[in-house]
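Student: Could we go through a few of the labels used for this model, one by one?
Tutor: Gladly, let's set each value against its definition.

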Amino acid sequence: MKQTVLITGGSRGIGRACALRFAAAGSWRIVITSRNTDGSLFRAESALRALPDTEVLAVPGDIADEAFVTELFTRTDRAFGAPDCLINNAGVDSSGLLQETPTAEWDRVMNVNLRSAFFTMRAAIPLMLRRHQGSIVNVSSVWGVTGGSFESVYSASKGGLIALTRAMAKELAPSGIRVNAAAFGAIDTQMNDRLSAEEKEALAEEIPLGRMGTAEEAAELLYGLAVRHPYMTGQVVTLDGGWTV
């Protein structure tokens, strides 16, 4: 019997690669969501539908909007039933000095990176409780663990997500629901397109493995955390090529 995975930020980068990884397993119905301001969500949907025996639901909207999240989970439940896995991948970056950060920028980053996970987890839990099982994986960052200079707001949002992961793992374990997080280092996705070729080269030189990670490598970790380790919960697994060792 097929299971259902819901992936936020599923239109590109790690989210899209994660959806393709679940599709490749052949036993998943896939729900992807993003704001879809550039049509990338429906391009991802088309790519997934081109795969054999893949059922897909693409729902455009703002994951930081409470009403949209309620609609998203209602549509998911009606189409495919309760989600067995939730991948909280939606995220935005921010850099700069804290003293120069506008309040609106703080709100934007916190809303997408942390508030949205609160909304999605709160919506998913009652549905997962029906079956007394489920898996939630939150996408954090190494900066959520160590803090990043000139990335204080982003670091705070990802650190908050790690704390939420650990707290909810304890809260939900008796109900058979696992909660884990991935802390990614430099992954070569659109989020890093703001870096010049020279900056990317300099960054790669700081990483012991000598390169940035790929979206597919990140997706493989997310799939493993979601599916393969039934005794693992409350863990934050780092994938960074040795960058922060």
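Student: Why is E55 called partly exposed?
Tutor: E55 has a relative accessible area of 31%. Buried means under 20%, exposed means over 50%, and partly exposed is in between, with a 1.4 Å probe and protein chains only. The value for E55 lies in between, so E55 is partly exposed.

Student: Before we go on, what kind of model is this?
Tutor: This is a predicted model, in which local features need pLDDT of at least 70 and side-chain atom pairs count only at pLDDT 80 or more, while totals for chains, interfaces and linings use all residues. Residues are numbered from 1 along each chain as its sequence is written, and side-chain values use heavy atoms, with hydrogens and water left out.

Student: What makes R29 and E55 a salt bridge?
Tutor: Their closest N and O atoms are 3.4 Å apart. A salt bridge is a side-chain nitrogen of Lys or Arg within 4 Å of a carboxyl oxygen of Asp or Glu, so R29 and E55 qualify. The pair links distant parts of the chain, with R29 in strand β2 and E55 in strand β3, 26 residues apart. Strands (E, at least two residues) and helices (H or I, at least four) are DSSP runs, numbered from the N terminus.

Student: What separates R108 and E105 along helix α4?
Tutor: About one helical turn, because they are three residues apart in helix α4. As for networks, salt bridges that share partners join K2, R29, D53 and E55 into one.

Student: Is D53 buried or exposed?
Tutor: D53 is at 61% relative accessibility, so D53 counts as exposed. D53 lies in the loop between α2 and β3, and its phi is near 55°, a positive value in a residue other than glycine.

Student: Why is N36 called buried?
Tutor: N36 is at 16% relative accessibility, so N36 counts as buried. N36 is found in the loop between β2 and α2.
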